[in-house]
Amino acid sequence: MLKFIESHGLEGAVAKRSDSVYQPGQRTGLWSKYRVNLDQEFVIGGYIPSSLGVDSLVFGFYRGRI
């Protein structure tokens, strides 16, 4: 499966426990993301702070030449 993901230029795969359900806005640790493609540069344009650190990020990336 990972060879298929990589050969098609996909980002990765998500694994979860069979008895878990999606809970919007919560990080339960029952879902895991395995990234295949780790090469990307981003530009942080802004953020919204929260009591735990950062709530939201505004970011972008370069297309083509810089």
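By the ring rule, the chain holds 3 aromatic pairs. Rings of Phe, Tyr and Trp (its six-membered ring) pair if their centres lie within 6.5 Å; planes under 30 degrees apart are stacked, over 60 edge-to-face, and the rest tilted. Phe42 and Phe61 form an edge-to-face pair, with 6.5 Å centre to centre and 80° between the planes. This pair links distant parts of the chain: Phe42 sits in the loop between β2 and β3, Phe61 in the segment after β4, and 19 residues separate them. Ring pairs also bring in Phe59, so that Phe42, Phe59 and Phe61 make a cluster.

How buried or exposed are these rings? Phe42 is partly exposed, with a relative accessible area of 45%. Phe61 is partly exposed too, at 46%. Here buried means under 20% relative accessible area, exposed over 50%, and partly exposed in between (1.4 Å probe, protein chains only).

A word on the source. This is a predicted model, in which local features need pLDDT of at least 70 and side-chain atom pairs count only at pLDDT 80 or more, while totals for chains, interfaces and linings use all residues. Residues are numbered from 1 along each chain as its sequence is written, and side-chain values use heavy atoms, with hydrogens and water left out.

Now the overall layout. The chain has 1 helix and 4 strands. From the N terminus, the order is α-β-β-β-β. The radius of gyration is 16 Å, well over the 11 Å that the globule rule gives for 66 residues, so the chain is more spread out than a compact globule. That radius is taken over C-alpha atoms, and the globule rule is 2.2 Å times the number of residues to the power 0.38. Helices (H or I, at least four residues) and strands (E, at least two) are DSSP runs, numbered from the N terminus. Along its principal axes, the C-alpha trace spans about 40 × 40 × 15 Å. Buried residues make up 5% of the 66 residues. The chain exposes about 6400 Å², and carbon and sulfur atoms supply 55% of that area. Accessible areas come from the Shrake-Rupley method with a 1.4 Å probe; for residues, only the protein chains shown count as cover.

Next, the strands. β3 (residues 43-50) and β4 (residues 53-60) run antiparallel, joined by 7 bridges. Two strands pair if DSSP finds at least two bridges between them. β3 and β4 form a hairpin, with 2 residues between them. Val43 has Gly60 in β4 as its bridge partner.

Charged side chains come last. Side chains of opposite charge can pair when their charged atoms come close. The count here is 3 salt bridges. A salt bridge is a side-chain nitrogen of Lys or Arg within 4 Å of a carboxyl oxygen of Asp or Glu. Glu11 meets Lys33 in one of them, at 2.4 Å from N to O. Glu11 lies in the loop between α1 (2-7) and β1 (12-16), and Lys33 in strand β2 (residues 31-35), so the pair ties together parts 22 residues apart in sequence. Glu11 also meets Arg35, at 4.0 Å from N to O. Arg35 lies in β2 as well, so this pair ties together parts 24 residues apart in sequence. Glu11 is partly exposed at 37%, Lys33 is exposed at 55%, and Arg35 is partly exposed at 36%.

Asp19 and Arg17 form a salt bridge, their closest N and O atoms 3.0 Å apart. Salt bridges that share partners join Glu11, Lys33 and Arg35 into one network.
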